[in-house]
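Hello,

Here is the structure I promised to pass on to you. My notes on what turned up in it follow below.

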Amino acid sequence: MADYVKMWKDLGMDLESHDMLCQVLPTAVGDVFLTQENRPKAMDFWDLVISEVHGIRPAELIEEQKKGRKVFGTFCVFVPDEVIIAANGIVTGLCGGSQFWVPGGEAVLPKNTCPLIKASVGARLGRTCPFFRIADVYVGETTCDGKKKAYEILGQDVPMLIMDVPQMKREKDILKWKDEIADFAAKVEQITGNRLTVENLKAAIRTVNEKRKAMQRVYDARKSLNLPISGRDALLMTQISFFDDPARCAQMCNRLADELEQRIRDGVSVAKKGDKRILITGTPLAVPNWKLHNIIETSGAVVVCEEMCTGTRYFENLVDDSGETLDELFMALARRYMKNNCACFTPNPGRVDDIIRLAEAYHADGVIDCSLKFCGLYDIEKRSVSEALKAKGIPVLSLETDYEDSDAGQLRTRIEAFVEMLNG
Amino acid sequence: MDKRYGVGIDIGSTCAKSVAVDGDGVVVWHDLRPTGWSSVDTAGAIQSSLPEAVKAGQARFVATGYGRVSVPFADKCLTEISCHGKGAVHLFDAKDLNVIDIGGQDTKLIVITNGAVSEFVMNDKCSAGTGRFLEVMANTLSVTPGGLCDMASRGGETRISSLCTVFAESEVINLIGRGTPREDIAWGVVDSIAQKVKAQAGKLRLGSGPLCLTGGLCGFPFVLERLERAFGREVRTDPRARFAGALGAVRRLTGGKSRNLQTADG
């Protein structure tokens, strides 16, 4: 491993605590990923990135900052990357997915806040994540009450921009979101010192669309009954895509998709005969949260799709790049992003439609609907999801969990029982 | 057909339940003991206490319950959800039924359709509504769990509202401090278990078949009474229902036959 200690020191990180975090990660990666058999060779890229997750990409970001580029840290798939990229900014995801950061978050947040929020706040305040140190500005959004209030706390420590996401999907809400994107663009111009033009915004839209298409190609390969990639590997690809350069991300995903398509032609599968195909839906799985996939894929089942922000919600639907004015392009962005069926909307029938559509397209034998503890929105929506799936004859298991390992046994019992039920 | 003996071992958080059946599916032995602190040791003790004929006969073993992975000699492991479902189908002689299993650490509701599990829910980490909850409360009232249930049947309506065992214990201590009769507090404890199970049932669609209670509380009539009141329908049970998991496990070997378990508590 390259020596990043000086870089971490320069970032003002708490090296002693960070060492403890660095010690657990290789074991987790080994247990979850390297124990798998017959992995696609193209996963080597993501194996490398995750093995030095706090080194390789942060070092690149710092190099770009030296050239005067600004790094925007984001927490949500509603933030339009295209606007930042058009202004020559860089986007990096910031969501915390480790229990390591939760106690730091609980020091300033109520305990009954979702672990993603607690970990994100803990990662910033504890100074143990380089991405949280590097970002020049954070972009928050109003997708839930917990985040809204947590951003106020983060805002005391780091510059924050907040985008007001509508809570309904009427035409006037889409127009409101377009105005919000335009306001956001003005702030991004200010921070980067670069003007948005029709040309650079169109180019950015194309870059991000290419990334979406490449990710979709990998997911399309997962529809094959001859499953060419495990859910764990696909999840890792999706998680890292939030941090990577979009053009390289597209290139690597396409390279992986090439191999997966060849595997399908050659009849190479990672699933054992009789493994049940599971679609997962629910709240996001931020790095390094691999708990659910790992339990499922060691219980006689495979994950074939994630209807999640770390999944199809991130890359489905392209942005129309035919507009000839910034206003038209902002409107095209607004229309695309408002197709996201997050549980923050009321009503939200689109999510149920998505789950049913994806369960069919990916030939899922069953659906696992899992939310992070204290996420009221997704927890409440479990009922309507479950009723709609049962009406369609699709078996569903509803779960709730956090980042701790202490409930792994209970989760395993439920998941094994679900798989036994699918086996009849 | 395979004429070897089959043994089902259900290692729960509190008690380990085992049954052995002969090649015709007739129950020839059963065993109930505390799980203790080591599931592996308990599994070993169960193995050595098997009848000589079973030991000599190359028996096959199916393990279930939370300690199922701690039975090194098991030929097969299955979850307690599948096994309780299978066991209940056999015990209550119905293809469609709804099972309430109140165990030491968790409470499950299992819907069986045409002999197979079609839906289930389990409580989360919290132990409210489980056998552990009853034990903690019995301890606070200085009685045994069975004693608490007897006492409760003589008590009057009292509500314990906390969903968490620790908070509910504080609530019970407050009631004691206020001089509420023990019988009334016991009534509240048992009723809160029934209410919690009923709330859990809201998360699935119960089938048309009978509602049946399995697990360690099936020998307590007042638990049954409060459950019947909460659900507004008959709740069946059977003295052998503590062994539902072990019976269900062994049924995986015998193709459905396992008869003649006469007593539950030995």
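Buried residues make up 51% of the 266 residues in chain B, where buried means that 20 or more other C-beta atoms, placed from the backbone, lie within 10 Å of a residue's own; exposed means 12 or fewer, and partly exposed lies in between. Please keep in mind that this is a predicted model, in which local features need pLDDT of at least 70 and side-chain atom pairs count only at pLDDT 80 or more, while totals for chains, interfaces and linings use all residues. Residues are numbered from 1 along each chain as its sequence is written, and chains are lettered from A and ligands numbered from 1 in the order in which they are written.

Along its principal axes, the C-alpha trace of chain B spans about 65 × 40 × 30 Å.

Chain B also holds an open sheet of 5 strands in the order β3-β2-β1-β4-β5, with mixed pairing; two strands pair if DSSP finds at least two bridges between them. Its edge strands are β3 (27-34) and β5 (76-77) of chain B, each pairing on one side only. Strand β4 (residues 60-64) of chain B runs parallel to β5(B), joined to it by 2 bridges, and V62(B) stands opposite K76(B) in β5(B).

Helix α1 (residues 39-48) of chain B is where you will find Q47(B). Q47(B) is partly exposed, with 18 other C-beta atoms within 10 Å.

Now to chain A. Strand β5 (residues 276-282) of chain A pairs with β6(A) in the parallel sense over 6 bridges, with K276(A) opposite A301(A) in β6(A). Strand β6 (residues 301-307) of chain A is mostly covered, as 7 of its 7 residues are buried.

Finally, the two chains meet: 11 residues of chain A are in contact with 11 residues of chain B, contact meaning C-beta atoms within 7 Å. Helix α19 (residues 408-423) of chain A gives the most to chain A's side, with 8 residues.

Best wishes

Key:
Helices (H or I, at least four residues) and strands (E, at least two) are DSSP runs, numbered from the N terminus.
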